[in-house]
Structures are given as C-alpha cells and as structure tokens.
Amino acid sequence: MARTATAPETGPVRHRRIAGSALATAALIAGLGATGPSASGASPTAPAASAAPTAPTAPASPAAVSSRDGTAHRPSAAGSAARAPWVRPLTARKVRVSQKYGIKGNWAAGHHTGIDFAVPVGTPVRSVGTGTVVFAGRSGAYGKAVTIRMTDGKYTLFAHLSAISVRKGQRVHAGTWIGRSGNSGRSTGPHLHFEVRAKRGYGTDIDPVRYMASHGVRLL
C-alpha cells in the first residue's frame with residue numbers, strides 16, 4: 001500500500017512552533033543564571049546572616065590585697081567608690097606582743113583591755129583607719145593618749161605615748177602619724193597600748209585582733 005506523504009508545515013503554524021521553542025529555551029537559560037525567582041517559581045535561598053560578635057567578658061574583681069605593712073585594700077570596680085584602707089598601728093610587721101587582750105589581772109575591768117606592743121620609746125605610731133580625734137592629751141593611768149572615733153562608730157585608743165602630734169577634732173586617715181610610743185602613765189616598760197572600744201567609755205572594749213581582722217589587717 002502506498003504511504004501518504006505528509007506535507008511539510010508551512011506558514012503560521014511553523015512560525016508558532018519555532019517561536020514557542022525559542023521562548024522555552026530562553027526561559028531555561030534565564031532560570032539557570034537568574035538571581036531572582038527560579039524557573040520553577042521557588043525563591044532562591046538568602047545568604048545566612050553573619051553572627052553578631054560576642055561582647056568580651058569583664059575580668060573578675062580582684063580579691064583584697066594586703067601589703068607588707070599590714071595595709072588592706074580592695075581595688076574598686078567601675079562606678080563604685082574605693083574603700084578606704086586600714087593599717088597596723090606600727091609600721092614594723094614583726095613586733096613582740098608583751099601583753100595580749102583579755103588576760104586576767106589587776107585592772108579595773110578585771111582583764112587587759114587592749115594589746116601591748118613592746119617597742120622602744122619614740123617609735124612612730126599611726127592611725128589604723130579613717131576617723132576623728134576625740135581626745136588627745138593625758139589620761140590618768142593611760143598616760144599620754146589619743147582616742148579616735150572611727151567611721152564605723154568604734155573607738156581606737158593609743159596609750160602610754162611619749163609625744164602626741166594630733167589635736168582634738170582633727171580628721172585622720174589610715175597611716176596618719178598621731179604620735180610616738182613611750183612609757184607614760186601606769187606602765188612597766190616602753191610599749192604601745194592599742195585598744196578598741198564599742199563606745200567611748202572605759203569597759204566597753206572589744207578584741208582588737210578580731211576588730212582589725214574584720215578590716216583585713218592582721219595584728220598577730
């Protein structure tokens with residue numbers, strides 16, 4: 001049987017097929033190189049945002065530091081006021097204690113009300129912290145003495161001095177020279193009597209070793 005020959009496409013039909021094929025090819029090329037939506041209609045993935053830099057961690061606050069002369073201080077943090085330092089009443093770190101606090105004996109209070117440091121006459125004596133001098137002069141059995149009201153409300157007393165270099169009402173700070181040790185008043189030998197009181201009156205004494213330790217200073 002003879003095959004019927006198919007007539008070649010001519011005219012508008014052929015032009016439409018060629019145009020459609022060209023458009024499909026152009027769309028495919030555009031979809032592969034596009035930065036916008038792809039040919040499939042899905043949006044391209046946006047680049048990941050970079051992580052924000054981590055803020056540096058602030059260094060830990062340093063602990064209190066004690067110097068060789070007994071000074072205690074704590075470096076202040078930003079925005080806070082610095083704490084005033086406290087020091088020993090004598091600059092020498094190793095001083096012999098001739099009489100400890102609280103020893104029973106022939107005193108009006110029935111016990112030793114302070115701590116005695118055996119030092120030569122004329123040894124410089126200084127305030128252990130910030131306060132105001134409320135007494136500077138002779139005080140009976142204490143001889144030449146200085147009493148300071150500290151900022152925490154307690155009183156520190158320095159007795160048996162040979163010289164006084166402060167006056168009543170004077171503001172003193174840790175390390176302020178207040179006089180020199182001696183042997184005045186009721187004393188059995190040259191020494192510094194250091195006493196701490198809860199109130200100004202006699203008989204209200206507290207342990208000076210514990211008191212100074214609470215401020216970061218070792219007496220013994």
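Here is a short walk through this structure, one selection at a time.

**Before you click**

This is a predicted model, where local features need pLDDT of at least 70 and side-chain atom pairs count only at pLDDT 80 or more, while totals for chains, interfaces and linings use all residues. Residues are numbered from 1 along each chain as its sequence is written, and side-chain values use heavy atoms, with hydrogens and water left out.

**Stop 1: the whole chain**

Start with a cartoon view of the protein chain. Helices (H or I, at least four residues) and strands (E, at least two) are DSSP runs, numbered from the N terminus. Follow the chain from that end and the order reads α-β-β-β-β-β-β-β-β-β-β-β-β-α.

The protein chain exposes about 13900 Å², with carbon and sulfur atoms supplying 57% of it; accessible areas come from the Shrake-Rupley method with a 1.4 Å probe, and for residues only the protein chains shown count as cover. Of the 220 residues, 30% are buried. Buried means under 20% relative accessible area, exposed over 50%, and partly exposed in between (1.4 Å probe, protein chains only).

Among contacts between residues at least 6 apart in sequence, 56% join residues at least 24 apart. A contact here means heavy atoms within 4.5 Å.

**Stop 2: the largest pocket**

Next, look for the largest pocket, which has a volume of about 490 Å³. Which residues are closest to its centre? Select Trp107, His112, Asp116, His160 and Arg186, out of the 21 residues that line this pocket. The lining divides into seven nonpolar, eleven polar and three charged residues. In that count, Ala, Val, Leu, Ile, Met, Phe, Trp, Tyr, Cys and Pro are nonpolar, Asp, Glu, Lys and Arg are charged, and the others, Gly among them, are polar.

How is a pocket found? Rolling a probe the size of a water molecule over the atoms shows where empty space is left. On a 1 Å grid over the protein atoms alone, a pocket is an open set of points where a 1.4 Å probe fits, with protein on both sides within 12 Å along at least five of seven lines; lining residues have an atom within 4 Å of a point. Grid points are joined across faces, edges and corners, and the volume is the space filled by probe spheres set on the points.

**Stop 3**

Keep His160 selected. It lies in strand E8 (residues 155-164), and it is buried, with a relative accessible area of 5%. Check its backbone too: His160 is not a glycine, yet it has a positive phi of about 65°.

Is His191 buried or exposed? It is buried, at 7% relative accessible area. Leaving out residues up to four places away in sequence, His191 touches His160 and Asp116, among others. The His191 side chain makes a polar contact with the side chain of Ser187 (3.4 Å) and reaches the backbone oxygen of Gly189 at 2.7 Å. A polar contact is a pair of N or O atoms within 3.5 Å; within protein, one must be able to donate a hydrogen and the other to accept it, and residues adjacent in sequence count only if both atoms are side-chain atoms.

**Stop 4: Tyr155**

Go back to strand E8 and pick Tyr155. This residue counts as buried, at 14% relative accessibility. Its side chain makes a polar contact with that of Arg149 (3.4 Å). Show Arg200 as well: Tyr155 and Arg200 are 45 residues apart in sequence, but 6.2 Å apart from C-alpha to C-alpha.

**Stop 5: strand E7**

Select residues 144-150, and begin with Lys144. Lys144 is partly exposed, with a relative accessible area of 26%. Its C-alpha atom is separated by 6.2 Å from that of Ser184, 40 residues away along the chain. Beyond four places in sequence, the residues that Lys144 touches include His160 and Ser184.

Val146 sits in strand E7 too. What is its relative accessibility? At 0%, Val146 counts as buried. Outside four places in sequence, it touches Phe135, Phe158 and Ile178, among others.

**Last stop: Thr130**

Finish in the loop between strand E5 (124-126) and strand E6 (131-138), where you will find Thr130. Thr130 is buried, at 12% relative accessible area, and a polar contact of 3.4 Å joins its side chain to that of His173.
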